[in-house]
Amino acid sequence: MARIAGTELAQVNLTQGNTHLPGILVRYEPAQGVQPAPVVFDSPHSGYDYPGDFDHVVPREVLRRAEDAFVDDLYEGAPGAGAGFLKALFPRAYIDPNRHEDEIDSDMLSEPWPRPVRVTEKSEMGLGLIRRLIKGRVHIYDRPLTVGEIMARIESYHRPYYAELESMLDARVATYGAVWHVNCHSMRTTGRQQGKSIPRDDFVLGDREGESCDPGFTEFVAARLKDMGYSVQINHPFKGAELIERFGRPLEGRHSLQIEVNRGLYMDEDRIEKHDGFGELKRSIDRLIAEICAFANGQIARP
């Protein structure tokens, strides 16, 4: 991954300022005076700005369990280390930026979807582009949704998020010849396997079995986390979803890695509140961000 001509334009291309689309997203770029890195972090599931037309019938406190709460706070230091940072402001239960726009749960529609439906395990579980269920069996709506309603969400929320992330990644590829994209999530403290509750590790890294980024990058991040004393799994139980599948093309110098952090490290899952562990984890994440930026800068500086 050699450095290419044009790297000298980094300060011009990557410090153009921030973007704020109210209720949709915020994009942060490194400030003047901070050495930019070919790195982008994004948090697609931490939003909690609930649109007025989200006529869910379940209580808001129940619906909030779908959020990756406070993940944006954990990674907010990325621009200070030279990386770009993008976060969604809308909740994933309204429309999920990490699902394909045809990953539709047909059971919640009042009419046929006008394009071929992408059937996945998640959509069959009621966890597709538009969630039908929360907490496994609780219905979010008391009526079917129209194609028009879903298309409006796609046009106003889903596509702008993808377009903004794509522009951030493209700018770095144009400048450096490569980009390292870290897709940030959180996971419940335990999972279910054969009807039993199974404790999860501190972090799970997903690279779609080496398809979305160079395995060396995954190994680097895993090693840094282990050095900090955290337990790490790779591609189990989460391999990564639509965002890293779409943007991760390592043969083109585009490396996308998903990071899931155990919520028990930093928050009370029932109350959706930060606990005393948040500060320690935030310091570890800040250190990881800095090391990822150093790693990426080292890769592009190779002769």
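A quick note on what we're looking at. This is a predicted model, where local features need pLDDT of at least 70, side-chain atom pairs count only at pLDDT 80 or more, and totals for chains, interfaces and linings use all residues. Residues are numbered from 1 along each chain as its sequence is written, and side-chain values use heavy atoms, with hydrogens and water left out.

Let's stay with α6, residues 215-227. Helices here are DSSP runs of H or I with at least four residues, strands are E runs of at least two, and both are numbered from the N terminus.

Now the inside. The buried residues of α6 (buried means under 20% relative accessible area, with a 1.4 Å probe and protein chains only) are F217, T218, F220, V221, A222 and L225. They pack against β7, β10, β11, β12 and α8.

On to the cores, meaning sets of buried Ala, Val, Leu, Ile, Met, Phe, Trp, Tyr and Cys residues joined through side-chain atoms within 4.5 Å. The largest one has 43 residues, and F41, Y75 and V221 touch the most other members. The top contributor is α8, with 10 residues. There is also a second, separate core of 39 residues, which includes Y50, A93, Y141 and Y162.

Last stop: F54, in the loop between β3 and α2. F54 counts as buried because its relative accessibility is 5%. Thanks, folks!

Key:
The expected span of a helix is 1.5 Å times one less than its number of residues. Buried means under 20% relative accessible area, exposed over 50%, partly exposed in between (1.4 Å probe, protein chains only). Contact means heavy atoms within 4.5 Å.
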